[in-house]
Amino acid sequence: MSDEAGIKQSEGEVYFPSQSVIDNAHCKDYDSMYKRSIEDPEKFWGDIAEEFEWSQKWDKVYDESTPPFFKWFTGGKTNIVTNAIDRHLKTFRKNKLALIWESESGDDVRTYSYFSLNREVIKFANVLKSMGVQKGDIVTIYMPRVPELMFAMLACAKIGAAHSVVYGGFSVEALAERIEDAQSKVLITADGGYMRGKIVNLKQIADEALARQGTIEHCVVVRRTGHEIYMEPGRDYWYHDLLSVPVVNQPCETEQVDAETMLFILYTSGTTGRPKGVIHTHGGYMVYTATTFKYVFDINDEDRYWCAADPGWITGHSYIVYAPLLNGSTSFMYEGAPNFPYPNRWWKMIEKYGITILYTAPTAIRGLMRFGNAWPNRHDLSSLRILGSVGEPINPEAWKWYYEVIGKSNCPVMDTWWQTETGGFMITPLPVTPLKPGSATRPFFGIDVDVLDLDGKSAPTGEEGILVIKKPWPAIMRGILHDPERYKQQYWSKYTTMYEAGDSARKDKDGYIWVIGRLDDVIKVSGYRLGTAEIESALVSHSAVAEAAAIGLPHDVKGHVIHCYVVLRAGYAASDSLVEELKKHVGHEIGPIAKPEKVNFMDSLPKTRSGKIMRRLLKARALGLPEGDKSTLEE
């Protein structure tokens, strides 16, 4: 059965919450709470913001005076760390576990209470201050999935600096370009990380990236693997050596900053040109992400929550680092691959640590589903009470396996739709929501969603259209670093008063939203967004390639895989060895996640008369589908 056919069938299937789920829910009546949030969003979000600590109260909850650059809690002063760590130190949570971490080998387990997390963050903050990092600076972080990544992010926020985390799977060109755009003076990295039992040589990649740009003055290196690496005198410092400097163990107050102060930038792939640095701020992002986490996962003090993403993506920023800490939760972090050394690794850890909430991507679910039911059935997964899905629409077959085999038909599946740009969940069930496999269900509080036809009117029920958000929300991105025009053009130019998400969707008769996929040329591989322009640029940077086109094709496990089409330069011949060389080259330039599944050689690429590559034509041909209108095709 195709995903499309499966989705159509599953629209009629409804899974109702159990009475015990309803009885324990933070929100028992979605409709009335949602109605309040839409009718008076300023009062709704203002009341919620009162639950947090502010050193100075805001003058205005919502400022729409300079659209589309909306502001929230203007005049208010706080710091996300004040609320994620400092306030918990005054309560019983001081001695509660904030983080449990397990290494890929399983030999190393580290735990941090809120008290000890605070101590680690203060040390890291003092290290950054000693290197001249000030309010408003952007620090680039390029690390494996280790606790120090979390400490580094929180340390930046604590002193009023912003962080730019570059996913540890990205490679040289991607890292260099992001450092350059952020104009970072300090890079935090590690000697390496572990993935599938092998060392990922992060420091070597970082050295090559630093050779390509000129802004970094200091590089802090965390020792993880202990293998030999190059350390440049005067630039590179071992983190463990810096911890012995007396100033590092001094107290460090949390800087109070304006609610609209930049908290972080996170680069996300665009359809053209360089990746764009999405800006998020302390105040609105804090209030929104904490609230989504509280209600969608019905978080309680006794929960042990595991988001199996990487902190280097927005899912990790919002739902590994910030929202769990803002709610005083206990999080679990695992360093390595889901099926290493065997396909029961995740299920073994859920049993070992008593995990109650698991939040992961459809790719991981499909990947583990391939190994059958015997692996999870060997383990006691009865501690689980809620499951979550993120990154792309989940196909109904994977949804049902997740619900029935992992959740034993007792755990509601929170299928969350959101983006780097939105900061937090936008369309998502709550545990009390009746569920339909494959649908993200209904909008979260304060989120006014519609699906529009090509004329900009609400699309009829069941018809595919363009997904838009009709009103701003507290965690909405505040722009693109150095490029306000690109922000306006990309998200607000088509419908000037509505945010265009760039996804297609449809509404069913119950008002449930079914997200279909990207409208633009961004390929989602294993839940990660990669721009076709980035992949094509990497290919063309190889001496053999004259032109290139990249498309995403459906894949049972990864969601999509990358297929590339290249035109070779004169003097080069197509061969299997060149295919492998080009795949490796893309992996080196961008990262392993971007390695093409297939490279096809062509004499020429299909283009419009204005010179644009017709990727949809390549996609149609690859899938054996009708090629549609070819009137603009250059002969």
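In what order do the seven strands of the open sheet run, and with what pairing? Before I answer, please keep in mind that this is a predicted model, in which local features need pLDDT of at least 70 and side-chain atom pairs count only at pLDDT 80 or more, while totals for chains, interfaces and linings use all residues. Residues are numbered from 1 along each chain as its sequence is written, and side-chain values use heavy atoms, with hydrogens and water left out.

The order is 12-11-8-6-7-14-15, and the pairing is mixed; strands here are DSSP E runs of at least two residues and helices are H or I runs of at least four, numbered from the N terminus, and two strands pair if DSSP finds at least two bridges between them. At the edges, pairing on one side only, are strand 12 (236-238) and strand 15 (276-281). From one strand to the next the twist averages 25°, with axes fitted as lines to C-alpha atoms, for helices over the stretch in contact, and angles running from 0 to 180 degrees between N-to-C directions.

Within this sheet, strand 6 (residues 138-142) and strand 7 (residues 162-165) run parallel and are joined by four bridges, and Val139 stands opposite His163 in strand 7.

Turning to the helix on this sheet, helix 9 (residues 202-211) lies across strand 6, strand 8 (186-190), strand 11 (218-222) and strand 12, and runs at about 155° to strand 8, where contact means heavy atoms within 4.5 Å.
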